[in-house]
Amino acid sequence: MARRKKNSTVMIVSVIAVVLIAGFFLYKSGWIGGKSQGKITVYSIFQEEEARKILDQFKAETGIDYDILRLPSGEAVSRVQNEMNKPQADFLMGGPADSHEVLKKAGALEAYISPNAKDIPDNMKDKDGFWTGFYLNPVAIGINEQRWKEKYGSDPYPQSFKDLLDPKFKGEIGMSDPATSGTAYTAVASLAQVWGKNEMLTYMKQLLPNLKERPKSGIEPIQKAAKGEYTIGITFLGDQLKIKNQGNPIVSIVPEAAGYEVGGLSIVKGGPNTEAARKLMDFMLTEKPALIYTQSAYAVSVKPSVPVPPGGIDIKTTKYNQSYSLWTAAEQRKELQDALKDLK
Amino acid sequence: MKEKNGIGESVGRLMRDPSSLLLILISSALLILFVLYPLAYVVYIPDAEDWRTFFGKSRYATALMNTVVSSTLSALLATVVGFVYAYAVNYSNMAGKRFFRFVAFLPLLAPSVMSGLAFLLLFGRGGVVSQWLKSWLDVELDLYGLPGLLIVQTISYFPLAYMTMTGVLRSISPNLEIAAQNLGARGFRLFRTITLKLSLPGILNAFLLVAINCFADFGNPKLIGGNYSLLAVEIYGEILNNEPGLASVMGMILVVPALVVFWVQNKLLSKGSYSTITGKPVSGLVRVTTSRKTDLALLAFNSLVALFILAMFAITVLFAFTRNFGRDNTFTLDHLMKVVFNPSSPAVLNSLVLSLISSVLAVAFALVLAYVIVRKPFPGHRALDFTAVLPIALPGTFVGLALIIAFSSGPIMLQGSALLIIAAMLLKQMPVGYRGLTASFKQIDKSIEEAATNLGADSGKTLATIVLPMLQKTVVANFVYAFMKNMNTLSTIVFLITPKWVVAAVSIFNYAETGTYYWAAAVAVGLMLATLSTLGVIKLIFRSKVKIFDF
């Protein structure tokens, strides 16, 4: 009797488990609970926190739920390219527009000119509508003031990229790997445009001993610098302001020849839910997401009507490289990245 | 009646037993598809140019050197720590043995990247301990790179060494030590000439096991390696850079030492070790091998290791449940609600479901395979046996790499499906169960099965009604082990996740890498809660039949 009872418990538990698991798969594939109009799948180069804030808002307004995977831009580009015969994602959110340009050339993107893109200046969107700009963000040198004082006292802060070559910064600078991070690539691509490829490479070679590490994600150096892991992080200005506004002692300097990103949005060609992707594009180009993003990520919106957030810096007041061409950067991407790989 | 051998006979027997034939065909097909096909693909994909690039650039040579050096050192450290810890728990009279056994079990619960994460939070330049040292003693900790990596890998893999060593130490008969003592050996001399000598094969085995694990470790080097580049991390970079050829070359190089170790181990095991020759431990005899002073020293050593492990868990929990630990210590459930209990962030749930499915399949597959190979010899069963245990020797990174390369192009496209993640987990865990079950089968007399066959049951029925109940304990134990490993694996599946199928270990890694430490900690805590509650349910179902929480 006892044994029989135990066996039936096992049976019941396994039946419940099978039903639950089957239900989970059906739910994931959108078979049940489909009153929300399917799911949209997003590759986000934004930090996940901001992306989730915006997508939660989108979900509240349209009822479209989302799946999200955060990736550095290099990984996003190679993923979308690799998946071209069976796209996994519908929408690519953020990241320097030159990565979107690479994908456009590869034929991996779907053209869509949103009616809401009208007021965006021409140099911040693709003329064929393969990608549309969302924010602007220059590369900057971020310094942990507290650690600076401990190490260098009242020395003046470095004002240019060349200043960073000073041997006193040995192991005190973090910059991500230009091969995987759009941030670091923007920095070197701009230097290549201003100085020429060879001088940029010489510079990077000289900079290496001063670099504590080369992580793959763009934001990481400033987070580590803020935590006191090293003194200086080279990242986009917005990332630095965000961390500064969380109460960390960060000072930001936008040096001459600093490139800038036009953070782009694009729709993946042949994704599982292109319809929803178009809706998301329309939504992204309204003011609400722009406000959410700029207030949280401290970048400047491409829309003239969206104000610079409190605590933010207007890019026009900085010494950024205004002649930086993201189209050239996209063209040189493979060549520069290969050359950089040979350093060390 | 004498059993007949020979190919003709065995084929004939199979033809009369269609359900066995079916089992054999299905398992062969699965192994060919998920083991041999991806392997062939990885070998085939790089061209001469990729090989030249690999051997031409110093970047890769450095990574290879670094990998060899760090794995050897980590394995050495972990083995020493594991041995001393196991010696203390099994041979000394120190207090709190139960507690120390419990602590050594804890890291099994934790995702492999958690030690790296916790290390960052404690000893990173901005970590809690480092900040404390800086403000009180004005000492600056800088453990990025090799030193940090050694510490983290030692802590992560010490349980593996500890468990291996415990098995070895327990199998040494106290008779020998007592005899040696009667002959006048005492203290260190006794330890050196008897205990250490007898456990040497086991120590070597533990060292090799840890070494190949370190060699393939991906998450920890990525988090705290700094500029100290390692092969597994370089492979990841090349996959990101869309250079599958170069990644394959490195993958193959990563496999070489693992295969060598695998071969050495098989040699070692088949030869048998000293310890088993001496026979089973004699009950009633209690060895007294340590002095009071040694006991105290061992207690101090074990407490230090335990402190490290407990601190790791404590810091993770603190980060998970406070706003931003160190800056704002207000208690909050916010992080947990955002990244664990949130329908848009199902990483922990994904891990749970995929691990469960994969572990059930792995054990079922292992059972079928062990059954047909041990009980129903057929032509080619040796090849099948080899293919089945092969994945043990393959590093997780390599398995993931092989699957993504083979199934994202070419005739069979599985990219982006949960199937690929399940397959990857299954491949890594199935061989462990298969080995265990093969051993169990050999111990069980086959007369009962034959009786069932004579009474008209086919293979499927025999397997379900006779074999499974007899092996229940082994099966459940294998399931539990596979499940815990699957929940925590990172390197095997880091290439395979998609937005729909993000798993917890990868989330932790991503959050830790982008510096969102509180989310990383929250997912780690969520994952451990999920593992614990599942184990609790299993314990409730099987009660005394499984040992999960017995230390």
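In this predicted model, 60 residues of chain B are in contact with 60 residues of chain A. The area buried between chain B and chain A amounts to about 5200 Å², and carbon and sulfur atoms give 46% of that area.

Charged pairing across this interface comes to one salt bridge. Its partners are Asp67(A) and Lys500(B), whose closest N and O atoms are 3.9 Å apart. The rule also finds four residue pairs in polar contact across the interface of chain B and chain A, with both residues of each pair at pLDDT 80 or more.

Several helices of chain B each supply at least two residues of the side that touches chain A: α4 (58-91), α7 (128-137), α11 (219-224), α12 (231-240), α17 (347-375), α24 (504-513) and α25 (517-542). Of the elements on this side, α17(B) gives the most, with five residues. By residue type, the side of chain B that touches chain A divides into 25 nonpolar, 22 polar and 13 charged residues.

A polar contact of 2.6 Å joins the side chain of Glu48(A) to the side chain of Tyr511(B). Neighbours within four places in sequence left aside, Glu48(A) is in contact with Ile68(A), Arg70(A), Tyr511(B) and Trp519(B). Glu48(A) counts as buried because its relative accessible area is 12%, under the 20% limit.

Over all chains, the structure holds 28 salt bridges. Side chains of opposite charge can pair when their charged atoms come close.

| Salt bridge | N to O distance |
|---|---|
| Asp67(A) and Lys500(B) | 3.9 Å |
| Lys105(A) and Glu101(A) | 3.8 Å |
| Asp155(A) and Lys168(A) | 3.0 Å |
| Glu49(B) and Arg52(B) | 3.0 Å |

The pair Lys105(A) and Glu101(A) lies within helix α4 (residues 97-106) of chain A, the two residues being four apart, about one turn of the helix. Lys105(A) is exposed, at 58% relative accessibility, whereas Glu101(A) is buried, with a relative accessible area of 2%. Both residues belong to a network of salt bridges that links Glu101(A), Lys104(A), Lys105(A), Asp126(A), Lys127(A) and Asp128(A).

The salt bridge of Asp155(A) with Lys168(A) has its closest N and O atoms 3.0 Å apart. Both partners lie in the loop between α5 (145-152) and β6 (173-175) of chain A, so the pair ties together parts that are 13 residues apart in sequence. Asp155(A) is partly exposed, at 31% relative accessibility, and Lys168(A) is likewise partly exposed, with a relative accessible area of 34%.

In chain B, Glu49(B) and Arg52(B) both lie in helix α3 (residues 48-56), three residues apart, about one turn of the helix. Their side chains meet in a salt bridge of 3.0 Å, N to O. Glu49(B) is partly exposed, with a relative accessible area of 44%, whereas Arg52(B) counts as exposed because its relative accessibility is 53%, over the 50% limit.

How values were computed:
Residues numbered from 1 in each chain as written. Chains lettered and ligands numbered in written order. Predicted model: local features only at pLDDT ≥ 70, side-chain atom pairs only at ≥ 80, totals over all residues. Heavy atoms only, no water. Contact = heavy atoms within 4.5 Å. Buried area = accessible area lost by both parts, 1.4 Å probe. Salt bridge = Lys/Arg side-chain N within 4 Å of Asp/Glu carboxyl O. Polar contact = N/O pair within 3.5 Å; in protein donor to acceptor, adjacent residues only side chain to side chain. Nonpolar A, V, L, I, M, F, W, Y, C, P; charged D, E, K, R; others polar. Buried < 20%, exposed > 50% of the residue type's maximum accessible area, 1.4 Å probe, protein only.
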